[in-house]
Amino acid sequence: MLRYETTGLYGEGLLEGDSFDRGEISLAAERLQARFSSGELGFVNCPDIDPEAIEAWAATKLQEGWTDQVVIGIGGSSLGARAVLHAADPEHLRGLRTHFAENLDPETVDRLFSGLDPRTTLVVVITKSGTTIETMSQFWIAWRMIADAVGEEASHRHLVGITDPEGGELRKLVERHGWQNFSVPPNVGGRFSVLTAVGLVPLALAGYPIAELLQGARQVRERHAADLAGSWGMAAAEHISLMREGVDELVMMSYADRLSMLVDWFCQLWAESLGKARNRRGETVHVGITPIKALGVIDQHSQVQLYMEGPRNKHVTFLEVERFERDRVVPVSPALPDGLSHLQGRRISEIFAAELAGTRAALRREGRPTSRWIFSEISPRTVGSFLFSWQMITAMAGELLEIDAFDQPGVELGKKIAHGLLGRVGHAEFARLGQPAEEDLADPGILLL
Ligand code: PA5
């Protein structure tokens with residue numbers, strides 16, 4: 001089970017002022033519902049995907065003797081599967097060893113591809129557009145590596161493409177060479193696609209129970225979808241109301257290492273969806289709530305000082321776990337000095353919980369807005385319901401802000417300039433934009449030794 005509790009606007013009423021009334025939230029919910037009904041937004045239907053075909057396909061791959069998969073993708077085409085897999089108990093995974101090729105750091109890329117056995121590695125390349133530089137350049141390296149090891153003809157068996165059903169360069173390659181492939185539904189955007197083949201295929205190959213993940217998403221949808229203006233709408237309204245009061249940073253602090261990558265997934269979803277220059281009417285608005293990743297308890301010794309005493313611009317939402325799979329007890333020992341004797345006989349989970357309770361209470365006493373996501377346990381079902389809930393809250397937040405939460409115009413210019421600098425046909429104009437400006441030349445930066 002997953003629970004959300006808040007001490008904010010709609011909970012204990014920490015803030016007053018420019019907030020939404022229930023009518024506005026209901027109108028936003030109606031607009032979102034209309035987008036679902038017209039088929040414009042498909043992510044709401046992803047929990048209904050039948051996992052059996054993917055599971056059966058993954059099972060045949062396991063029988064064929066593959067040992068590893070390298071999953072090549074970036075942003076929404078990578079983060080979901082990475083986060084879910086990171087949240088899994090490694091002892092429960094019985095599938096392929098999984099490596100993610102995401103960042104283009106040359107050392108990381110070289111280390112990853114040098115360490116793989118090309119004879120037994122599947123290459124799962126994921127890009128909805130089919131043209132993403134980071135993904136396709138690494139894919140080319142992977143394919144060459146495989147072809148050099150097993151021959152051009154046999155290399156095709158190693159390749160799995162996940163992309164748009166019709167358009168894009170990867171789709172052309174898939175069709176030309178007859179590679180195994182899966183489609184990303186055209187009405188599901190990258191950061192909303194974890195519950196499509198984008199997330200499900202690599203997870204199934206890793207031996208993750210995707211049916212339970214989908215079930216968790218379905219269950220939370222059944223509970224809340226009939227009333228979008230309810231919990232999800234309230235949570236979205238709370239964050240936006242806080243933003244309007246100057247609380248425009250949302251810290252997600254997970255008190256579980258296994259949940260820490262879900263925070264990365266959330267950061268991308270929240271930042272790319274809600275950080276927008278214009279609203280749907282074309283007016284300049286420059287809205288957004290900056291997501292910040294924190295990890296308990298480590299960040300109690302780092303960021304929490306800032307959250308307690310720094311600017312009053314942060315809402316801290318905690319990811320809490322009620323029941324851990326493993327635990328230890330601090331041994332009872334007469335050698336422990338008096339000042340530490342209260343620790344003996346305590347479970348690590350108890351100490352962890354006390355640290356969390358202390359931080360939460362301290363922030364609340366300081367009048368800092370907080371909220372809690374409570375995982376009864378870290379399971380595929382609670383993770384699925386977390387993912388789906390945040391997708392819905394993000395979509396509701398977009399409606400309340402009257403922006404398009406599903407595009408990302410702000411990342412396009414940088415991509416085009418990069419293509420231009422690399423000499424892509426038709427991009428000369430962007431290559432010019434990428435040349436150092438006068439102020440860059442005047443400021444050469446700081447060269448470290
Ligand atoms: O959420 C998004 O749309 C982006 O983060 C994309 O997922 C990311 O840019 C990768 O795009 P693509 O799947 O086209 O390679």
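Student: What makes the meeting of the side chains of R326 and E91 a salt bridge?
Tutor: A salt bridge is a side-chain nitrogen of Lys or Arg within 4 Å of a carboxyl oxygen of Asp or Glu. In this predicted model, where local features need pLDDT of at least 70, side-chain atom pairs count only at pLDDT 80 or more and totals for chains, interfaces and linings use all residues, R326 and E91 meet at 2.5 Å, N to O. Residues are numbered from 1 along each chain as its sequence is written, and side-chain values use heavy atoms, with hydrogens and water left out.

Student: Why is this pair said to tie together parts that are apart in sequence?
Tutor: R326 lies in the loop between β11 (314-323) and α13 (348-365), and E91 in the loop between α3 and β3 (97-101), so the pair joins parts 235 residues apart in sequence. The helices and strands named here are DSSP runs, numbered from the N terminus (helices: H or I, at least four residues; strands: E, at least two).

Student: Why is R326 called exposed, and why is E91 called partly exposed?
Tutor: Buried means under 20% relative accessible area, exposed over 50%, and partly exposed in between (1.4 Å probe, protein chains only). R326 has 59% and is therefore exposed, whereas E91 has 47% and is therefore partly exposed.

Student: What makes R221 and D48 a salt bridge?
Tutor: The closest N and O atoms of R221 and D48 are 2.6 Å apart, which meets the salt-bridge rule. This pair links distant parts of the chain, with R221 in helix α9 and D48 in the loop between α1 (22-37) and α2, 173 residues apart. R221 has a relative accessible area of 13% and is therefore buried; D48, at 44%, counts as partly exposed.

Student: Why are the buried residues of α9 said to line one face of the helix?
Tutor: Seen down the axis of α9, the buried residues fall within an arc of 150 degrees, so they line one face. The arc is that of the directions from the helix axis to the C-beta atoms. Among these buried residues are I210, L213, L214 and R221. The face turned away from the buried side carries the exposed residues E222 and R223.

Student: What makes K293 and D264 a salt bridge?
Tutor: Their side chains meet at 2.6 Å, N to O. K293 is in strand β10 (residues 290-295) and D264 in helix α11 (residues 260-274), 29 residues apart. K293, with 33% relative accessible area, is partly exposed, and D264, at 25%, also counts as partly exposed.

Student: How many salt bridges does the rule find across the interface of domain 1 and domain 2?
Tutor: The rule finds three across that interface, and a search of the whole structure finds 28. The chain is divided into domain 1 (2-35 + 214-401) and domain 2 (43-208), with bounds from an automatic or database domain assignment.

Student: What area do domain 1 and domain 2 bury between them?
Tutor: Buried area is the accessible area (1.4 Å probe) that two parts lose on being put together, summed over both. For these domains the value is about 2300 Å², 64% of it on carbon and sulfur atoms. L214, R258 and M261 supply 28% of the area that domain 1 buries against domain 2, more than any other three residues.
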